[in-house]
Amino acid sequence: MKRLNICVDIDGTITDPYCYLEYFNSYFDKKIKPTDFSHHRLDIVYEVTRDEMTRFYMEEGRRMHLEATVQPDAREILWEMYKNHNIYFVTARYKEMEGTTLEWIQLNQLPPARLYSLGSHYKVDAAKELCCDVFLEDNPENAQQLAENGINVLLVDTNYNQELQMNRVTRVHSWNEIKGLVDMMAER
């Protein structure tokens, strides 16, 4: 079995894609539901400026990230993959949230994979630096950029990434499906 380099996004990939809605709804006094979430950019969904979204994140980010829920089977499958592959958590979260993210990883008993807090949604350079064989992602723009740069992507199915269909991007609906595809890649 080949040992793969696997980059794993956190928000919307390890976490439930909609677990943050209650925080945004409360802060912006909205009633957005998962079915309303047709775009990955929260400022567009909530009809606020990027500055307002940044202000929210600075005020609520720590609490929101510490309380984020892990998707079903993600913990167990990440541990199994960690034993057989090189796992890297690659997130767009700001560097200022790195301590919070590490705390969340420990609280949720996730494997102690190396964390890359990029502070940007552009993940291509990090993926190339890590010789990424496959990137687990939910953001359609990130997935498209990665695929256009020759990186295979397993795209976690969400309401906000339905339009993306392209080579090197495989849509997945569960962590068990992710595990099956990773196992197949490792057999090649």
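Guide: A definition to begin with: buried means under 20% relative accessible area, exposed over 50%, and partly exposed in between (1.4 Å probe, protein chains only). This is a predicted model, where local features need pLDDT of at least 70, side-chain atom pairs count only at pLDDT 80 or more, and totals for chains, interfaces and linings use all residues. Residues are numbered from 1 along each chain as its sequence is written, and side-chain values use heavy atoms, with hydrogens and water left out.

Visitor: Then is L102 buried, exposed or partly exposed?
Guide: L102 is partly exposed, because its relative accessibility is 40%. L102 sits in helix α5, residues 98–107. Helices (H or I, at least four residues) and strands (E, at least two) are DSSP runs, numbered from the N terminus.

Visitor: How far is L102 from L164 in space?
Guide: C-alpha to C-alpha, 31 Å. In sequence, L102 and L164 are 62 residues apart.

Visitor: Zooming out, how many helices and strands are there?
Guide: The protein chain has 8 helices and 6 strands. Their order along the sequence is β-α-α-α-α-β-α-β-α-β-α-β-β-α. The chain is as compact as a globular protein of 188 residues, because its radius of gyration is 16 Å, close to the 16 Å from the globule rule. That radius is taken over C-alpha atoms, and the rule is 2.2 Å times the number of residues to the power 0.38.

Visitor: What share of residues is buried?
Guide: Of the 188 residues, 51% count as buried.

Visitor: And T91, buried or exposed?
Guide: T91 is buried, because its relative accessibility is 1%. T91 belongs to strand β2, residues 86–91.

Visitor: What is T91 in contact with?
Guide: Contact means heavy atoms within 4.5 Å. Leaving aside neighbours within four places in sequence, T91 is in contact with D9, I10 and D11, with L115, Y116, S117, L118 and G119, and with K123.

Visitor: New topic. How many disulfides?
Guide: The structure holds 0. A disulfide here is a pair of cysteine sulfur atoms within 2.5 Å. C131 is in no disulfide, and the nearest cysteine sulfur, that of C132, is 9.2 Å away.

Visitor: Are C131 and C19 buried or exposed?
Guide: C131 is exposed, with a relative accessible area of 52%. C19 counts as buried, at 14% relative accessibility.
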